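Trainee: I would like to learn how to read a sheet and the helices around it. Please take me through one case.

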Amino acid sequence: ARLRERIRPFVLRRRKAEVAPELPPRTDIVLRCELGESERALYESIRGATVPSVVEKLRAGGNVMAALEVLLRLRQAACHPGLLPGQDADSSAKVELLLEMLEHAREDGHKALVFSQWTSLLDRMEPHLERLSLPFVRLDGSTRDRESVVRTFQSEDGPPVMLVSLKAGGTGLNLTAADLVFLLDPWWNPAVEDQAADRTHRIGQDRPVMVYKLVAKDTVEERILELQEHKRALA
């Protein structure tokens, strides 16, 4: 409250609901999925082998980079075993849930954006979409002609799915043809996710927007959600 009082003469804050009241509503939903038996075993083996030793090192004043490395591996294991070095897997519980949602979306005439911070996870999504005959376009940091990709997706007869890198496609795009957003992996900063969802929830959108966050139950991802809520409360 004291900070707000101090910055009030210098900062004018206007929320989207105040400057664009004509926008349809945006609804955020957390979809929790259960890891498969092999996925759970892999996740728990990483946690058991690394977390206690890292915690001990941190208490002794050790380098925080080791903790970040462990968190990275746990987050990857919660998304797809194939993201981990030396591991291979065709699919994951989270990917199967997403595919089910995308099939329903196509049947109901919706278009969807699928965001991930890992382009390697988007790579692993492509064969599944092709198997289901789900047309898609993709936009990430290596995309040369972004405008062409956006134009193809935005067209009335364009594909129902766009795979998007969270960092490359989180800002500066108008993708109002979509009314569904899937965030495959939670990011530390909720503002980055909000920017991604706002690619479709912006002026020109005439349908309610649904934002689905896919989270693996009983994993570090649930702790990241708690951290996001804390940051949102502060904002």
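Mentor: What follows goes from the sheet to one of its strands and then to a pair of helices. Keep in mind that this is a predicted model.

Trainee: What is the strand order of the open sheet, and how do its strands pair?

Mentor: The open sheet has six strands in the order β1-β6-β5-β2-β4-β3, and the pairing is parallel. At the edges are β1 (26–33) and β3 (136–139), each of which pairs on one side only. From one strand to the next the twist averages 20 degrees.

Trainee: Which strands does helix α5 touch?

Mentor: Helix α5 (residues 93–107) packs on the sheet and touches β1, β2, β4 (161–165), β5 and β6. The direction of α5 makes about 160 degrees with that of β6. Helix α6 (residues 119–131) also packs on the sheet, where it touches β2, β3 and β4. The direction of α6 makes about 165 degrees with that of β4.

Trainee: How many bridges join β5 to strand β6?

Mentor: Four bridges join β5 to β6 (residues 209–216), and the two run parallel. Val-181 has Val-211 in β6 as its bridge partner. On the β2 side, four bridges join β5 to β2 (residues 112–116), again in parallel. There, Ala-112 has Leu-180 in β5 as its bridge partner, and Phe-115 stands opposite Leu-183.

Trainee: Are the two faces of β5 covered or open?

Mentor: The general idea is that side chains in a regular strand alternate between the two faces of the sheet. In β5 (residues 180–183), Leu-180 and Phe-182 lie on one side, Val-181 and Leu-183 on the other. All four are buried, and both faces are covered.

Trainee: Which handedness does the unit of β5, α8 and β6 have?

Mentor: β5, α8 and β6 make a β-α-β unit that is right-handed.

Trainee: How do the axes of α8 and α9 cross?

Mentor: Two packed helices are described by the angle between their axes and the distance between the axes. For helix α8 (residues 190–197) and helix α9 (residues 220–234), the axes come within 9 Å and cross at roughly 85 degrees. An angle of 65 to 115 degrees counts as roughly perpendicular, and α8 and α9 are therefore roughly perpendicular to each other.

Trainee: Which residues meet where α8 and α9 are in contact?

Mentor: From α8 come Pro-190, Glu-193 and Asp-194, which meet Gln-228, Lys-231 and Arg-232 of α9. By class, the contact has one nonpolar, one polar and four charged residues.

Terms used. Residues numbered from 1 in each chain as written. Predicted model: local features only at pLDDT ≥ 70, side-chain atom pairs only at ≥ 80, totals over all residues. Heavy atoms only, no water. Axes fitted to C-alpha atoms, helices over the stretch in contact; angles between N-to-C directions. Parallel < 35°, antiparallel > 145°, perpendicular 65-115°, else oblique. Contact = heavy atoms within 4.5 Å. Nonpolar A, V, L, I, M, F, W, Y, C, P; charged D, E, K, R; others polar. Buried < 20%, exposed > 50% of the residue type's maximum accessible area, 1.4 Å probe, protein only. Pairing = 2+ DSSP bridges. Right-handed = clockwise from strand over helix to strand, strands pointing away.
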